[in-house]
Amino acid sequence: MAMADPSRTPMTDGLGRRISYLRISVTDRCDLRCRYCMSERMQFLPKNQVLTLEEIALLADMFVARGISKIRLTGGEPLVRRDIGDLVRRIGRHLGRGLDELTLTTNGTRLVDHAAMLADAGVRRINVSLDSRDPDRFAHVTRGGRIDQVLDGLAAAKEAGLAVKINMVALRGVNDDEILSMLRWCDDQGFDLSLIETMPLGDTGEDRTDHYLPLTQVAAQIDAHHPLTPTAYRTGGPSRYHAVEGMRVKLGLITPLTRNFCADCNRIRMTCEGKIFMCLGHEDHVDFKAALREGGLPAVEPLVDRALRLKPAAHDFRIAAGESAATRRHMSVTGG
Ligand code: SAM
Ligand code: SF4
């Protein structure tokens with residue numbers, strides 16, 4: 001197993017930002033079709049273009065040896081990938097040996113089957129996406145999802161001792177009337193809550209500007225009921241956390257549009273095809289798959305430095321009526 005080598009210089013990009021957090025999209029496939037994320041007839045990659053679990057594990061080994069200390073598995077829906085448990089257990093072996101945290105973002109539909117496996121492999125916290133607790137609205141947003149599967153999954157996660165943060169994309173005219181009740185419910189359940197601004201990634205067949213909701217506005221509305229205090233609490237990602245008066249829930253705000261957080265970005269992303277993207281909002285990438293298949297890890301190592309140099313200063317997201325998506329890639333390809 002690759003061990004972090006303390007004599008190695010930590011990975012830093014061309015602007016001096018320390019890169020310590022890798023998000024891996026293990027599949028572009030998903031059992032839901034959330035309206036802000038994918039189109040209804042999303043075309044998925046042919047399987048032979050997708051990295052095998054062994055290839056993903058080898059690249060994860062290399063990144064941990066290069067100084068990555070946090071890995072998030074995501075997708076698409078990571079828990080629809082067959083034998084995902086093998087990969088989680090394999091990467092989990094690095095915990096305490098260079099890797100400080102292994103975590104996962106999931107839509108929760110298959111957590112009933114996987115929560116115990118995740119906990120056994122050393123996962124301690126997961127993010128579960130839930131944009132509405134109303135069954136019909138949930139089915140509408142996800143184009144057919146069943147909320148009972150997610151609620152059962154959340155119960156299984158609790159049972160397995162996993163800490164849960166709910167991710168909720170704030171959508172004007174869709175779930176904005178539910179944000180306060182979601183916050184109170186998360187508090188009751190012992191979950192944290194992150195609200196996310198919808199980002200212009202990939203064509204979904206719908207106009208995102210119709211539902212874009214700036215979180216500055218939402219935070220002011222919550223504050224009027226439950227005063228918010230910014231805190232220094234961080235989990236290594238883009239969420240900026242607030243304490244909520246009278247509650248134990250921590251409220252995270254992910255604000256790519258209204259409050260840019262690129263200056264202290266510590267993240268890189270690997271797609272299920274083995275492309276390394278240094279920013280969710282740019283097309284520049286380095287392709288590891290061909291190098292790995294032709295020359296193994298020694299052929300990939302020099303590409304890491306090329307990727308680091310490509311990291312841009314900031315994303316270029318704008319949401320305005322009539323503007324096309326900032327990138328043609330969907331969030332499910334690069335990994336949320
Ligand atoms: N399928 C898993 C899930 O839904 O949690 C993991 C992948 S999903 C792409 C990761 C996160 O990205 C989810 O919380 C989802 O709500 C969010 N997301 C997807 N498309 C987005 C967009 N265009 N803007 C903002 N958030 C988005
Ligand atoms: Fe699937 Fe997650 Fe995208 Fe929804 S947000 S369609 S669950 S990948």
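**Group meeting: a pocket, a helix and a ligand shell**

By class, 6 nonpolar, 1 polar and 6 charged residues line the largest pocket. Here Ala, Val, Leu, Ile, Met, Phe, Trp, Tyr, Cys and Pro count as nonpolar, Asp, Glu, Lys and Arg as charged, and the others, Gly among them, as polar. This is a predicted model, where local features need pLDDT of at least 70 and side-chain atom pairs pLDDT 80 or more, while totals for chains, interfaces and linings use all residues. Residues are numbered from 1 along each chain as its sequence is written, and ligands from 1 in the order in which they are written.

Back to the pocket. A pocket is an open set of points on a 1 Å grid over the protein atoms alone, where a 1.4 Å probe fits, with protein on both sides within 12 Å along at least five of seven lines; lining residues have an atom within 4 Å of a point. Of its 13 lining residues, Thr27, Arg29, Lys47, Arg81 and Arg82 lie nearest the centre.

Next, helix H2, residues 84–92. Why is H2 largely enclosed by the rest of the structure? Because 7 of its 9 residues are buried, meaning under 20% relative accessible area with a 1.4 Å probe, protein chains only. Helices are DSSP runs of H or I, at least four residues, and strands are runs of E, at least two. The buried residues of H2 include Ile84, Leu87 and Ile91. Among the elements covering them are strand E1 (21–25) and helix H1 (53–65).

Last, ligand 2. Its surroundings include Cys30, Cys34, Cys37 and Asn107, each with a heavy atom within 4 Å of it. That shell divides into 5 nonpolar, 2 polar and 1 charged.

Definitions and conventions. Heavy atoms only, no water. Buried < 20%, exposed > 50% of the residue type's maximum accessible area, 1.4 Å probe, protein only. Contact = heavy atoms within 4.5 Å.
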